[in-house]
Amino acid sequence: MDRRIADRRLERDGDVQDRLLAAALRVFADRGIASATLREITEAAGANVAAVNYYFRSKDELTRKVLESCLRPVNEARLAALQRCVEASAPDSPSLEGIVEALVRPMVELTLDPAGGRSPVRLLLQVRALPKPLTNTILAEQFDLIHNRFLDVLSQVLPSLTRYEVGLRYDFARGAIMQILGDLDPAARDLPELHLKERPRDQEAIISQLVAFISAGFRAGT
């Protein structure tokens with residue numbers, strides 16, 4: 001086969017896969033994984049139903065790839081930011097605010113799509129609200145390492161708290177992040193007094209407020 005033809009075919013294959021992943025993310029976030037059909041996804045991607053079987057073999061594998069594609073970049077960025085925070089403060093302990101920002105900033109920055117929506121956040125909220133064995137397994141694969149790493153560092157800077165207390169407050173922090181980002185999505189109902197939709201891209205303000213709120217929560221009663 002001519003090399004140029006092969007290269008063009010690879011480019012087309014990559015384009016189709018990317019379109020299917022992007023379309024599946026939107027449809028899953030809008031309709032839920034269980035309710036979404038492959039026909040809806042392929043129509044949104046401008047592909048045929050056979051393309052899902054060709055590239056992903058099944059809806060379950062497509063689900064896995066969609067969740068991995070939107071969660072892995074966030075968690076890799078979180079771990080990298082946490083490592084930079086720890087190294088920059090050595091030999092002293094890192095600041096609590098620095099640790100919290102490493103948790104917050106990647107989720108805020110990397111889940112925003114060009115239209116101002118938060119499809120990864122809406123999908124993750126649905127997956128957490130309607131747990132299934134498949135998605136539970138995928139979430140464990142994507143999050144267990146990062147949770148343990150953050151808990152280790154947080155436990156070092158909050159020695160007056162037990163590991164259980166640190167873990168509970170860490171879960172509160174995760175909930176706060178997801179709640180505010182869910183509310184920032186244009187598809188969500190705005191809180192009347194906050195007018196969040198008027199400033200959907202003011203990410204630095206959101207990050208600053210989340211870091212301050214979560215850090216105060218970790219320190220409460222210590």
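Q: Let's start with Arg57. Where is Arg57 found?
A: Arg57 is found in the loop between α3 (49–56) and α4. Keep in mind that this is a predicted model.

Q: What's the phi of Arg57?
A: Positive, at about 75°, although Arg57 is not a glycine. Most residues other than glycine have a negative phi.

Q: Back up a step. How many helices and strands does the protein have?
A: Nine helices and zero strands. From the N terminus on, the order reads α-α-α-α-α-α-α-α-α.

Q: What share of the residues is buried?
A: Of the 222 residues in the protein, 41% are buried.

Q: And what share of the contacts is between residues 24 or more positions apart?
A: Counting contacts with a separation of 6 or more, 70% join residues 24 or more positions apart.

Q: Which residues touch the most other members of the largest nonpolar core?
A: Leu20, Phe28, Leu62, Val104, Leu123 and Phe218. That core has 63 residues.

Q: Take Leu20. What does Leu20 touch, leaving out residues up to four places away in sequence?
A: Ile41, Thr42, Ala45, Ala47, Ala51, Val52, Tyr55 and Phe56.

Q: Now Arg19. Which helix has Arg19?
A: Helix α1.

Q: What does Arg19 touch, again without residues up to four places away?
A: Ala45, Gly46 and Ala47. Leu20 also has Ala45 and Ala47 on its list.

Q: How far apart are the C-alpha atoms of Arg19 and Ile41?
A: They are separated by 9.4 Å. Along the chain, the two residues are 22 residues apart.

Q: Which side chain makes a polar contact with the side chain of Arg19?
A: That of Asp15, at 2.4 Å.

Q: Why is Arg19 classed as partly exposed?
A: Because its relative accessible area is 29%. Buried would need under 20% and exposed over 50%, so Arg19 sits in between.

Q: Which elements give two or more residues to its lining?
A: α1 (3–31), α4 (59–89) and α6 (119–129). The largest share comes from α1, with five residues.

Q: How many residues line the largest pocket, and which lie nearest its centre?
A: There are 17 lining residues. Ala22, Leu25, Asp113, Ser119 and Pro120 lie nearest the centre.

Q: What's the lining like by class?
A: Ten nonpolar, three polar and four charged residues.

Q: Next, Asp185. Where is Asp185 found?
A: In the loop between α8 (163–184) and α9 (203–219).

Q: Buried or exposed, that Asp185?
A: Buried. Its relative accessibility is 2%, and buried means under 20%, so Asp185 qualifies.

Q: What does the side chain of Asp185 make a polar contact with?
A: The side chain of Arg122, at 3.0 Å.

Q: Last topic, the backbone. Where is the cis peptide bond at Pro91?
A: The cis bond joins Ala90 and Pro91, with omega about 5°. Most peptide bonds are trans.

Q: Which loop has Pro91?
A: The one between α4 and α5 (96–110).

Definitions and conventions: Residues are numbered from 1 along each chain as its sequence is written. This is a predicted model: local features need pLDDT of at least 70, side-chain atom pairs count only at pLDDT 80 or more; totals for chains, interfaces and linings use all residues. Side-chain values use heavy atoms; hydrogens and water are left out. On a 1 Å grid over the protein atoms alone, a cavity is a set of points where a 1.4 Å probe fits but cannot get out, and a pocket is an open set with protein on both sides within 12 Å along at least five of seven lines; lining residues have an atom within 4 Å of a point. Helices (H or I, at least four residues) and strands (E, at least two) are DSSP runs, numbered from the N terminus. Ala, Val, Leu, Ile, Met, Phe, Trp, Tyr, Cys and Pro count as nonpolar, Asp, Glu, Lys and Arg as charged, and the others, Gly among them, as polar. A nonpolar core is a set of buried Ala, Val, Leu, Ile, Met, Phe, Trp, Tyr and Cys residues joined through side-chain atoms within 4.5 Å. Buried means under 20% relative accessible area, exposed over 50%, partly exposed in between (1.4 Å probe, protein chains only). Contact means heavy atoms within 4.5 Å. A polar contact is a pair of N or O atoms within 3.5 Å; within protein, one must be able to donate a hydrogen and the other to accept it, and residues adjacent in sequence count only if both atoms are side-chain atoms.
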